[in-house]
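Thanks for making time for this. I would like to walk through one structure slowly, element by element, so please have the picture open as I talk.

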Amino acid sequence: MTAIEKHDVVVIGAGPAGMAAALGAKRAGVDDVLLLERDSVLGGILNQCIHDGFGLFLYEQTISGPEYAENLIDDIIKENVRYQTDAMVLDLTADRIVKVNSRKGYQLIQAGAVILAMGCRERTREMIEIPGARPAGIFTAGCAQNLVNLQNLKIGQHVLILGSGDIGLIMARRLTFEGMHVIGVHELMPFCNGLERNVRQCLLDFDIPLRLSSTVIDVQGRDRLESATVAAVDEQLLPILGTEETIACDTLLLSVGLIPENELSKKAGVCLSRITGGAEVDEYLMTSVDGIFSCGNVLHIHDVADFASFEGFKAGEFAAKYLNINLNGKQRFLTHPGKGIRYCLPQKLHAGVENIELNFRVTRPSRNKRVSVLGKNSGIRYAGKKFPRLLPSELMKIKIKKAVEEELEVICHD
């Protein structure tokens, strides 16, 4: 029979959020922290992100993904945070039993608190239902990033990109640097889904065209991709008959969204949001299951790694607090996305809580709009802020200073 190890805080995933969570718990006074990573090295997705733009908020300088990871790893080692690589978590129970397959063999770990930081995965061709043959040359943007940046492989010569997510925009520039011809980026929505800085630096600076309200409706080729058929879409995002165009290309990159990696969360019985795909959490970043916390891209997709790390630090601090204090003692009220708001997080707030920062995303780009947090039944204004610009691609924040005593609704208005 396998002996059960015991650890105060177990963090699953060692990307920017997971490493920060382990450090947050350690700095909050927990000596027995265990960080588990399924890869052979710490760092997660950071290791293949060789472009700069990381660290501006956390380190007050712009560095590459591997450098950002190295800074966190140095702190992990310096502060004696215990970690295991090549440690695949197989299962997680509601009573915080973590089942691991590692170089040690099969491990059973009883955790005082668990922090979920497994990150996210990419949406695939099958998920967006592109018909046609199945030739070589169709990649998700993150897969292409790994092949080019870590394995030094050339993935094609003439590249079409579907989706304007940040990874796709960054790969448009990267492939251009590597001598490949990026024909253009096609985006289903009538607005770009990447950060404005990436549109400027990755497309405009290299004369790579961006076509909005356009999608791939078919691909051609037997052994290798030969062409893709694109078409404009209407307001219902359906292809418009007569707008079809066949574009010769040998490579198609898909940058069509990220999905929080929540299989373990489901096994533990964690309630997931149908909008974000991540866990529903309270202001302590604790999920619906007592003692299980969530942070980073497994909770909701972040556009900046620094913000995922900040969330990780908080999760680690709250997990440490949980070991000594009951965080479930008070009534909890729901927060609801209202007009113009896609989602807000945390989804639950304890009665009487104040000075809480709400994260939210809008449904459409807009300028000079006000975002207000209102009592859902009373109409009391708990917070409000005017934003000169709001974009779906950017995670925004608003602070609630008043004590919360009812369900809240977040709305975007003039």
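Helix 1 passes helix 8 in a right-handed crossing, and since this is a predicted model, please take every value I quote as computed. The axes of helix 1, which covers residues 16-27, and helix 8 come within 6 Å and cross at roughly 35°. On the helix 1 side the residues that take part in this contact include Pro16, Ala17, Ala20 and Ala21, and on the helix 8 side they include Ala305, Ala308, Gly312 and Phe313. If we sort the residues of the contact by class, we find ten nonpolar, four polar and two charged.

Let me stay with helix 8 for a moment. Helix 8 runs over residues 305-322, which is 18 residues, and it reaches 25 Å from its first C-alpha to its last, close to the 26 Å expected at 1.5 Å a residue. How many of the 18 residues of helix 8 are buried? The count is 14 of the 18, so helix 8 is largely enclosed by the rest of the structure.

The axes of helix 4, residues 141-149, and helix 5, residues 166-177, come within 9 Å and cross at roughly 35°, and here the crossing is left-handed. From helix 4, the residues in the contact include Ala141, Gly142 and Val148, and they belong to a set that meets residues of helix 5, among them Ile167, Met171 and Leu175. The residues of this contact divide into six nonpolar, four polar and one charged.

Five strands form an open sheet in the order 8-15-9-10-11, and their pairing is parallel. Which strands stand at the edges of this sheet? They are strand 8, residues 138-140, and strand 11, residues 210-211; each has a single partner strand, so one side of each is left without a neighbour in the sheet. The partner of strand 8 in this order is strand 15, residues 251-254, and three bridges join the two. If you want a place to look for this pairing, find Thr140, which stands opposite Leu254 in strand 15.

Elsewhere, strand 1, residues 4-12, pairs with strand 2 in the parallel sense over four bridges, and Ile12 has Leu36 of strand 2 as its bridge partner. Strand 2, residues 33-36, is covered on both faces, with Val33 and Leu35 buried on one side and Leu34 and Leu36 buried on the other.

Most residues other than glycine have a negative phi, and most peptide bonds are trans. Asn80, however, has a positive phi of about 55° although it is not a glycine. You will find Asn80 in the loop between helix 2 (65-78) and strand 3 (82-84). Is Asn80 buried or exposed? Its relative accessible area is 60%, and because the cut-off for exposed is over 50%, Asn80 counts as exposed.

Asn355 also has a positive phi of about 55° without being a glycine, and it lies in the loop between strand 20 and strand 21 (356-362). Asn355 has a relative accessible area of 45%, which means that it counts as partly exposed. The peptide bond between Leu345 and Pro346 is cis, with omega about 5°, and Pro346 is found in the loop between strand 19 (341-345) and strand 20 (348-350).

I will finish with Met189, whose place is in the loop between strand 10 (181-186) and helix 6 (196-203). Met189 has 24% relative accessibility and therefore counts as partly exposed. Leaving aside neighbours within four places in sequence, Met189 is in contact with Leu212, Ser213 and Leu237. Met189 and Glu244 are 55 residues apart in sequence, and from C-alpha to C-alpha they are 17 Å apart in space.

Terms used: Residues are numbered from 1 along each chain as its sequence is written. This is a predicted model: local features need pLDDT of at least 70, side-chain atom pairs count only at pLDDT 80 or more; totals for chains, interfaces and linings use all residues. Side-chain values use heavy atoms; hydrogens and water are left out. Axes are lines fitted to C-alpha atoms, for helices over the stretch in contact, and angles run from 0 to 180 degrees between N-to-C directions. A crossing is left-handed if the near helix is turned anticlockwise from the far one by less than a right angle, and right-handed if clockwise. Contact means heavy atoms within 4.5 Å. Ala, Val, Leu, Ile, Met, Phe, Trp, Tyr, Cys and Pro count as nonpolar, Asp, Glu, Lys and Arg as charged, and the others, Gly among them, as polar. Buried means under 20% relative accessible area, exposed over 50%, partly exposed in between (1.4 Å probe, protein chains only). The expected span of a helix is 1.5 Å times one less than its number of residues. Two strands pair if DSSP finds at least two bridges between them.
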